[in-house]
Amino acid sequence: MSEASAAPAAELAPRSHRAPLAILVALVLVAPWVVYPVFVMKALCFALFACAFNLLLGYAGLLSFGHALFFGAASYATAHAALEWGWRPELCLVFGAAVAAVLGLATGLVAIRRQGIYFAMITLALAQMFFFFSLRAEFTGGENGIQGVPRGMMFGFLDLSRTYVMYYVVAAIFLLGFAILHRTVHSPFGQVLTAIRENEPRAISLGYKVNQYKLIAFVLSAGLAGLAGGTKALVFQLASLTDVHWNTSGEVILMTLIGGLGTIFGPIAGAVFMAALENYLAQLGSWVTVTEGAIFVFCVIAFRRGMFGELSRLLKRPL
Amino acid sequence: MPDSDVILETRGLSKEFRGFVAVKGVDLKVARGTIHALIGPNGAGKTTCFNLLTRFLPATSGTIVYRGEDITRASPAEIARKGLVRSFQISAVFPHLTVLENVRIALQRKRGSSFDFWRSDRVLRAYHQRARELLDAVGLQDFAQVPAIELSYGRKRALEIATTLALEPELMLLDEPTAGMGNEDVERIARLIQQVAKDRTVLMVEHNLGIVASLSHTITVLARGEVLAEGSYQSVSKNSAVIAAYLGTEHG
């Protein structure tokens with residue numbers, strides 16, 4: 001009975017995220033009363049996007065350089081379903097996420113055959129193809145995007161045109177997505193994913209068909225990135241080329257790296273940080289990008305593990 | 001042991017890299033329940049042979065038969081599932097997982113449940129007891145909660161063996177299990193190999209001829225991708241071609 005000693009506690013403690021989870025929920029609930037709600041909604045959409053991206057890069061070691069494809073495609077799909085088909089918002093969001101997941105499956109099937117830079121380049125190339133498709137296709141509205149997307153009545157009784165209702169729906173979507181990702185990372189599947197990131201040949205030699213795991217992770221990540229994109233379309237009542245632009249793919253990488261790659265909370269912090277930068281530095285005009293770049297270089301040099309990576313090291317516990 | 005059951009056999013196994021022949025027409029027969037060593041000077045093609053056997057590299061020609069089944073075209077993961085599990089020359093652990101988690105990854109594969117992304121990893125605690133038994137067997141019981149990256153080299157190799165054992169392989173392929181180790185570690189690993197070979201077949205690439213002499217039943221000597229000699233240590237070590245290949249630096 002070696003389990004009876006101190007061991008079980010030691011096996012449990014490092015994984016317990018109760019306190020940080022409680023803080024996160026509290027912050028999400030209080031935020032719109034302190035900060036401009038639309039800003040927080042934008043931050044939450046990007047936070048979910050970054051967390052979904054982090055599942056791939058942080059836990060499976062796969063650098064996708066084309067995640068805007070899933071974010072943007074879902075944004076278009078959700079907006080189209082809401083505006084043209086008049087679907088209820090919850091169905092539009094599910095539809096958007098499903099479209100993203102299907103595209104994730106297709107992209108994943110092609111991309112996971114290659115590793116490292118080749119994987120990144122394949123995802124980038126496919127995302128670029130989609131960008132030019134969106135530019136030309138009819139239903140995306142080309143340069144104008146899909147404007148005036150109705151927010152509608154969620155479940156028939158939640159009037160999303162009211163800011164605070166919309167906010168708490170966004171908050172719920174974010175927390176749901178985050179919960180799915182948190183569970184995935186801390187599941188038997190997540191363990192295998194981590195093992196593949198740590199030492200892929202060894203995982204293969206233990207009999208794991210690693211491509212199947214990578215593909216599932218890819219589809220999950222794409223689907224949740226899509227949920228984030230669809231939600232963003234409802235919040236801003238707009239789906240545009242910006243959502244599918246490679247710039248968005250780059251930004252989500254920055255958010256994840258600044259927040260802390262492979263930390264569960266880091267990408268949220270990174271997303272909020274980047275959204276805040278864009279918002280509060282807006283008066284600098286085109287200098288925003290330059291400032292972002294400078295801050296990014298500083299972050300990578302000064303704290304390579306990202307905000308939460310460093311914090312987790314200080315506190316000696318995974319975050 | 002000419003009549004004992006053959007677990008693994010290769011016929012005319014060859015590997016060519018852009019005109020360079022790394023492995024040339026190797027016929028190998030590994031008898032069930034033995035420790036079979038593959039030795040030879042640097043660049044003799046030993047590791048390439050291992051990579052061919054486990055399909056980490058595709059063979060240019062030749063066939064590989066495992067338990068009477070042709071596995072020349074199987075995928076590496078399938079081969080592992082059939083019970084032919086390898087180790088690597090450079091220690092193969094999952095560095096940022098704990099020692100216990102390392103072993104558990106293997107148990108988890110063997111017993112299913114590894115696709116469940118919706119379940120809590122608490123279900124994996126069911127494997128802890130077996131994982132601890134395996135760690136006991138290799139003398140790592142006190143390191144269960146240590147990240148693998150912090151282990152000494154010798155202990156990493158021991159962990160690797162524990163992880164491989166978790167799959168209960170019928171045939172274990174060890175690629176230089178004692179390379180780069182101090183004397184104490186070498187002895188510990190040697191004892192470990194002897195112990196694990198009781199219930200299974202071991203095929204190993206090894207440079208330490210002391211280990212090879214004391215452990216193996218059969219030795220195959222490779223040089224320049226070809227089989228130079230095969231037999232017991234006594235017969236192989238007297239073979240003039242083998243002595244020439246090693247330039248007289250073999251047994252001490």
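Analyst: Let us begin with a salt bridge: the side chains of B:Glu9 and B:Arg11 meet in one, at 3.5 Å from N to O. The general idea is that side chains of opposite charge can pair when their charged atoms come close. The rule applied here requires a side-chain nitrogen of Lys or Arg within 4 Å of a carboxyl oxygen of Asp or Glu. This is a predicted model, in which local features need pLDDT of at least 70 and side-chain atom pairs count only at pLDDT 80 or more, while totals for chains, interfaces and linings use all residues. Residues are numbered from 1 along each chain as its sequence is written, chains are lettered from A and ligands numbered from 1 in the order in which they are written, and side-chain values use heavy atoms, with hydrogens and water left out.

User: Are B:Glu9 and B:Arg11 buried or partly exposed?

Analyst: The terms rest on relative accessible area: buried means under 20%, exposed over 50%, and partly exposed in between, with a 1.4 Å probe and protein chains only. B:Glu9 has 18% relative accessibility and is therefore buried, whereas B:Arg11, at 43%, is partly exposed.

User: Which parts of chain B does the pair of B:Lys24 and B:Glu226 tie together?

Analyst: The closest N and O atoms of B:Lys24 and B:Glu226 are 3.9 Å apart, and the two residues form a salt bridge. B:Lys24 belongs to strand β2 (residues 20-31) and B:Glu226 to strand β10 (residues 226-231), so the pair ties together parts of chain B that are 202 residues apart in sequence. Helices (H or I, at least four residues) and strands (E, at least two) are DSSP runs, numbered from the N terminus. B:Lys24 is partly exposed at 42%, and B:Glu226 is partly exposed at 37%.

User: Where do B:Asp185 and B:Arg188 lie?

Analyst: Both are in helix α6 (residues 183-196) of chain B, three residues apart, which is about one turn of the helix. B:Asp185 is buried at 18%, and B:Arg188 is partly exposed at 29%.

User: How many salt bridges are there over all chains, and which residues are linked in a network?

Analyst: The count is 17 salt bridges over all chains. B:Asp5, B:Arg32, B:Arg67 and B:Glu170 are linked in a network of them.

User: What makes up a nonpolar surface patch in chain A?

Analyst: Patches are made of residues with over 30% relative accessible area and no salt bridge; like charges are joined within 9 Å, and nonpolar side chains (Val, Leu, Ile, Met, Phe, Trp, Tyr) within 5 Å. Accessible areas come from the Shrake-Rupley method with a 1.4 Å probe. Here A:Val25, A:Leu29, A:Val30, A:Trp33, A:Val34 and A:Tyr164 make a nonpolar patch of about 590 Å². Helix α2 (residues 18-34) of chain A contributes the most, with five residues. A:Val25 is in this helix and is partly exposed at 33%.

User: Why is chain B described as compact?

Analyst: Chain B has nine helices and ten strands. Its radius of gyration is 19 Å, close to the 18 Å that the globule rule gives for 252 residues, so chain B is as compact as a globular protein of that length. The radius is taken over C-alpha atoms, and the rule is 2.2 Å times the number of residues to the power 0.38. Of the 252 residues of chain B, 55% count as buried.
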